[in-house]
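Thanks, everyone. Let's look at the model on the screen, and then I'll walk through a few local features.

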Amino acid sequence: MIAVNGQSSDVRAGETVAGVLVRLGLRADTAGVAVAVDGEVVPRGEWPSFVLAEDARVEVLTAMQGG
Amino acid sequence: MTDAIETRTPDRNPMPAAGEDPLTIAGRAFGSRLLLGTGGFTSHQLLEDAIEASATELVTVALRRIDPAGLRAGRGSLIDVLSGAGVEILPNTAGCHTARDAVLTAKLAREAFATDWVKLEVIGDEDTLLPDSPELLLAAEQLVDDGFVVLPYMTDDPVLARRLADVGCAAVMPLGSPIGSGMGIRNPYNIALIREAVDLPLVLDAGIGTASDAALAMELGCDAVLAASAISRAQDPVRMARAMRAAVQAGRLARTAGRIPRRHYATPSTTMDGMADLGPA
C-alpha cells in the first residue's frame, strides 16, 4: 500500500510521482509544490520518471501560512 | 526651478525613502526593514491588506501537506496571493525538531519555491517553542555547505550568534521572547551584545507584542524586525501593520541619529546665561 500525505491511497506500485499529482487533481507544473518519497526530495524534473515502489510513503507539500 | 522645489521635499518628509537606507541580506537589498510572518491571518484578503499596509518585501511561509480539496473549492493558493503582492518568499522550517528534518524541509522548500533562502527553525521545547541550539547549529552548517542562504531563528545568546556567523549564516534572528507570546524583548542587554558580537544583519524574530517593542529592537541596533502574531492576531491587523511599519522606521531613525546618554540627574536644556535678576523674593 502506497501512502500519500499519511493517507492510504489507490496508487499502485509502478505508478510515477507525476501520476500521483494527477490523481490529486494537480497539474504537473503546479507552482509551489514539492514532493518527498520515503524521506527524500524528488526534484521536479524527476516527477514523470520516478516510479513508486510498494509501501512507498509520498508527501506532497505546498506553502501554508506560517511565521 | 522645478529642481529646487523637489530637493526641498525631503525636509518636509523625514522618513527615509525606499532605497535610501536599505536592509541588505546576502547581497540583496530591501527597502523595508519589516519582515512579515504570514501565520495567523484569518483570510488571504486580510493578509494581502496587511502586506500592503506594512510595506514589507519579505514574508515567511511554512511547508505543509497540500489540501487538493481546498484548492478545488477555490480557496486559492497562498503562493498566488504572495506573488500577486509582489513580495519575496522566505520559507521556514517551522515544526522541525531535528537538524535532519529541518535540512530536508529546507530542501523541499527550495524545490517548491525556487529559492535557496531559508528561515531555519529547529524547535527544542513544546511549551516555549525555544530553539534547540545544538541541532540548529548542525542544520545551519549543513545548509550553508549545500548553498543555502540561512537565516537562523535563535535564542538571544551572543556566543551562539558568533558560532552561527562562523558557519556562514547570512543573518542572525534572535528572539525577544517566545514565539507568539507578545512579551516583547525580555533581555535587551543580550540583543545589544549580539549587535556587538556579529557583523551580520540582525533581525529580531519573535516576541514582538506591539509597536514600541519593534522600535526598541531597532534602537538596540537590530537591522530589521520580523513580526507575525503581533500583526495577524491584533484586533485590527491592518492598522497594526501600519503601526509596525512606522515603529521600525522610527527606531531605525533613532538608532542612526544617536540617542543622548542616560544620566542620573537633570541636565538643563536652557542656559542660565542672561538670566534676569528679578530681585529678592
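Start with strand 6 of chain B, residues 117-120. Both faces are covered: Trp117(B) and Lys119(B) are buried on one side, Val118(B) and Leu120(B) on the other. Buried means under 20% relative accessible area, exposed over 50%, with a 1.4 Å probe and protein chains only. Strands are DSSP E runs of at least two residues, helices H or I runs of at least four, numbered from the N terminus.

Some housekeeping. This is a predicted model: local features need pLDDT of at least 70, side-chain atom pairs count only at pLDDT 80 or more, and totals for chains, interfaces and linings use all residues. Residues are numbered from 1 along each chain as written, chains are lettered from A and ligands numbered from 1 in the order written, and side-chain values use heavy atoms, without hydrogens and water.

Back to strand 6 of chain B. Four bridges join it to strand 7 of chain B, residues 149-154, and the two run parallel; pairing takes at least two DSSP bridges. Val118(B) sits opposite Val150(B).

Now helix 4 of chain B, residues 78-85. Which of its residues are buried? Leu78(B), Ile79(B), Val81(B) and Leu82(B). They lie on the same side of helix 4 of chain B, because they cover an arc of only 160° around the axis, taken from the directions from axis to C-beta atoms. The face turned away carries exposed Asp80(B), Ser83(B) and Gly84(B). Just after this helix, Gly86(B) takes a positive phi of about 75°.
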